[in-house]
Amino acid sequence: MSGRHAGLVPAGRRTAALLSGATVLGLWFGLHAPDATPVAPPAAVVQQQTTDDAAVPPAVPQPVAGRPQRGGRR
Amino acid sequence: MSVDTGLGAPPATGRRGRVLDRSTALLALWLGALVVGTWPLVLAATGPDLPLIGLIAHVAGMLAGYGVLVLLVLMARTPALERGVGADVLARWHSQAGRLVVVLVLVHAVGAIAAWAQLTGVDLLLGGWQVLGMPAMPAAAAGTVLMLVAAGASVRSARRKLKHETWHGLHLLMYLAVALGFAHMLAGPDLVGHRVLQVGWALAYTYVFALLLQHRVLTPLRQAGRHRLRVAGVHPEGTGVVSILVEGSHLHELQAESGQFFRWRFLTPDHWSNAHPFSLSAAPTATTLRLTVKALGDGSRDLQQLPVGTWVIAEGPFGAVTSARRTRGNVLLIAGGVGITPLRALFETLPLAPGEDMLLLYRARTAEELLFREEIEAIAAYRGARVGYLLGEDREPLSPAGLARMVPDLVERDVYLCGSPGLTTAVRQSLRTAGLPPERLHEERFAS
């Protein structure tokens, strides 16, 4: 069977149109999706956790004698 | 209804194009699940700390979103899957995957709320309220409720109490549920920040909906326009059983074969919204198709009074249990009750060369319950085939010994089987015990 015989849009063209429509919609949804998730922990909580973390100084390994350190700590 | 199982046999050939066999389809589905389920673990390993319950919620959410896609694909009536895997297997996978998706959705929802409550130091109730107030979440919550309603209606005990039309209507809510949950998927922490993944996820959904649109809406409409099917007659075949003759034009273009089935949508006020799967009960011609319906529920009972002239939309043909499955010269057909319908058509058309034997064993409780008796005997006489009736409740004739006695070369034949679940289970077991290789059993099941 072919759409041409039936006086309708040929099957190949219809499939291509459907595929194009789906691609455009998919791209639109994907490209317009949010950049930031709404379910991230609230800033206050993150900040609080950061502050708490800062209260306990991290253990810093002692430099090995004779070995140069990188960056501005030299 | 009757559908094919294609038990371990090669897919049918003919009009067919590409098919996806069962093992390939399963492998693809599981690989997809592995990739999708692993992604949140990769993020957790490389990102900020996440409570365990949050990680579980992420994995469950991603798998649920992927599972919804799988559910839709399984029911999209894609020819490659319908012919390669079989409609009844797809329906079974859909049912099993559906239960899993509901569990995953619940785990995701509860886990996400619990993780939020833990991170923010509030109780679960307040945490739930806060989550519900986030963008896209009210719609997702409404979608979850709809999904649970539809899933609840599909639980066996509930489904028994519901009219098929009611259940079908509730099941269609799933589409709305998916649409409502879509935005929150793209905004989830596993996709946000990865634009490529967001686009890929969105494309997966739009492509699957395009697949549904093509095979469940556009193709049937195109066939309706081309073939212009109408009911030409309704003929009683026995108590509560009628054959419906459907006429149309250009039907040879469908390339339907004996042993296949269509999903019939009769355009009456009561039936237009439901497509009923019924096998062809006679070989299709260029102008006619015949199906036979037993009154098993409200829907099929109403079809007994279908007015002549009713417009029909037929989706199909589906089903791979055709003559293409045949590998041997001698054939045994075993039918039980209304399961005779596809086998009656195969009995009429399976090629039979000189020296080849075809035997139809037809099981029914009484002689009065035998359908198509005159037709079957006429076909047998015309084609030089044989018929045996197994009447009564005695199961011995269907035991391994009983079958071997009636058909001494049983294991050398192709066997086509169609009947009630109870009968097919018993016969399948007998055939295995008798030594029939599984690939030579071509099974046709119907569910009441």
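A: The domain bounds used here come from an automatic or database domain assignment. The model is a predicted one. In chain B, that assignment gives domain 1 (8-135 + 187-222), domain 2 (228-318) and domain 3 (323-445). The part examined here is domain 2 of chain B, residues 228-318.

We start with the sheet. An open sheet of chain B is built from 6 strands, and their order across it is β5-β4-β7-β2-β3-β6. The pairing is antiparallel. At the edges stand β5 (276-279) and β6 of chain B, each of which pairs on one side only. From one strand to the next, the twist averages 35°.

Within this order, β2(B) and β7(B) are neighbours. Strand β7 of chain B covers residues 311-318, runs antiparallel to β2(B) and is joined to β2(B) by 2 bridges. Across this pair, B:Arg230 stands opposite B:Trp311 of β7(B).

Between the C-alpha centres of domain 2 of chain B and domain 3 of chain B the distance is 24 Å. Domain 2 of chain B puts 13 residues into the contact, and domain 3 of chain B puts in 12 residues. On the domain 2 side of chain B, the elements giving two or more residues are β2 (229-238) and β6 (288-294). The residues on that side comprise 4 nonpolar, 6 polar and 3 charged.

How values were computed:
Residues numbered from 1 in each chain as written. Chains lettered and ligands numbered in written order. Predicted model: local features only at pLDDT ≥ 70, side-chain atom pairs only at ≥ 80, totals over all residues. Contact = placed C-beta atoms within 7 Å. Helix = DSSP H or I, 4+ residues; strand = E, 2+ residues; numbered from the N terminus. Nonpolar A, V, L, I, M, F, W, Y, C, P; charged D, E, K, R; others polar. Pairing = 2+ DSSP bridges. Axes fitted to C-alpha atoms, helices over the stretch in contact; angles between N-to-C directions.
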